[in-house]
Amino acid sequence: MEERSTPRAQWLRGVLDMCLLALMAEGPVYGYEMTVRLAEAGLDVADGSIYPALARLRKRELVEIERRSGDGGPTRTYYKPSEAGMRMLRSWSRDWNAFATSIGSITSQITREES
């Protein structure tokens, strides 16, 4: 089982920033909510991976933040893509789709043989 999960984890590390920007593009979102939504999509990402990625995106000025007081809880930091972040997301999405199509064309023969 370890062999199968390792490549998936590596792939996710490579596209985590893009996935986070895509979640934010749907509307402002806070860190833990991103973790939950990624898990719902079948991508298990630890909080410990989300926050460094968000810090990277902030440093590159690809996200903007807004602090909102919680309903009786702590203040939450909401993230949304900046204009530069939306441009980057569109570019990464095009690149990812082309890459995935290329990989799919190479591996499709294998999956057809298994059927």
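Mentor: Buried means under 20% relative accessible area, exposed means over 50%, and partly exposed is in between (1.4 Å probe, protein chains only). This is a predicted model, so local features need pLDDT of at least 70 and side-chain atom pairs count only at pLDDT 80 or more, while totals for chains, interfaces and linings use all residues. Residues are numbered from 1 along each chain as its sequence is written, and side-chain values use heavy atoms, with hydrogens and water left out.

Trainee: What makes up the largest nonpolar core here, and which residues have the most contacts inside it?

Mentor: That core has 22 residues, and L20, M24, M34 and L38 have the most contacts inside it. Helix 1, helix 2 (31-40), helix 3 and helix 4 (83-114) each supply at least two of its residues, with the largest share, nine residues, coming from helix 1. Helices (H or I, at least four residues) and strands (E, at least two) are DSSP runs, numbered from the N terminus. In soluble globular proteins, nonpolar side chains tend to be buried together.

Trainee: Which residues is L38 in contact with, leaving aside its neighbours within four places in sequence?

Mentor: Contact means heavy atoms within 4.5 Å. By that rule, and with those neighbours left aside, L38 is in contact with L16, C19, L20, L23, L43, V45 and I50.

Trainee: Why does D17 count as buried?

Mentor: D17 has 14% relative accessibility, and the cut-off is under 20%, so D17 counts as buried. Its place is in helix 1 (residues 2-25). Leaving aside neighbours within four places in sequence, D17 is in contact with A53, R56, L57 and W92.

Trainee: Why is E61 called exposed?

Mentor: Its relative accessible area is 59%, which is over 50%, so E61 is exposed. E61 is found in the loop between helix 3 and strand 2 (63-68). Phi of E61 is near 60 degrees, a positive value in a residue other than glycine.

Trainee: How do you know that the buried residues of helix 3 are on the same side?

Mentor: The buried residues of helix 3 are I50, A53, L54 and L57. They cover an arc of only 105 degrees around the axis, so they sit on the same side of helix 3; the arc is that of the directions from the helix axis to the C-beta atoms. An α-helix has 3.6 residues a turn, so residues three or four places apart point the same way. On the other side of helix 3, G48 and K59 are exposed.

Trainee: Which residues lie nearest the centre of the largest pocket?

Mentor: A pocket is an open set of points on a 1 Å grid over the protein atoms alone, with protein on both sides within 12 Å along at least five of seven lines; lining residues have an atom within 4 Å of a point. Twelve residues line the largest pocket, and R8, A9, L12, D44 and V45 lie nearest its centre. Helix 1 gives the most to that lining, with six residues.

Key
Core = buried A, V, L, I, M, F, W, Y, C linked by side-chain atoms within 4.5 Å. 1 Å grid on protein atoms, 1.4 Å probe; cavity = no way out; pocket = protein on both sides within 12 Å on 5 of 7 lines; lining within 4 Å.
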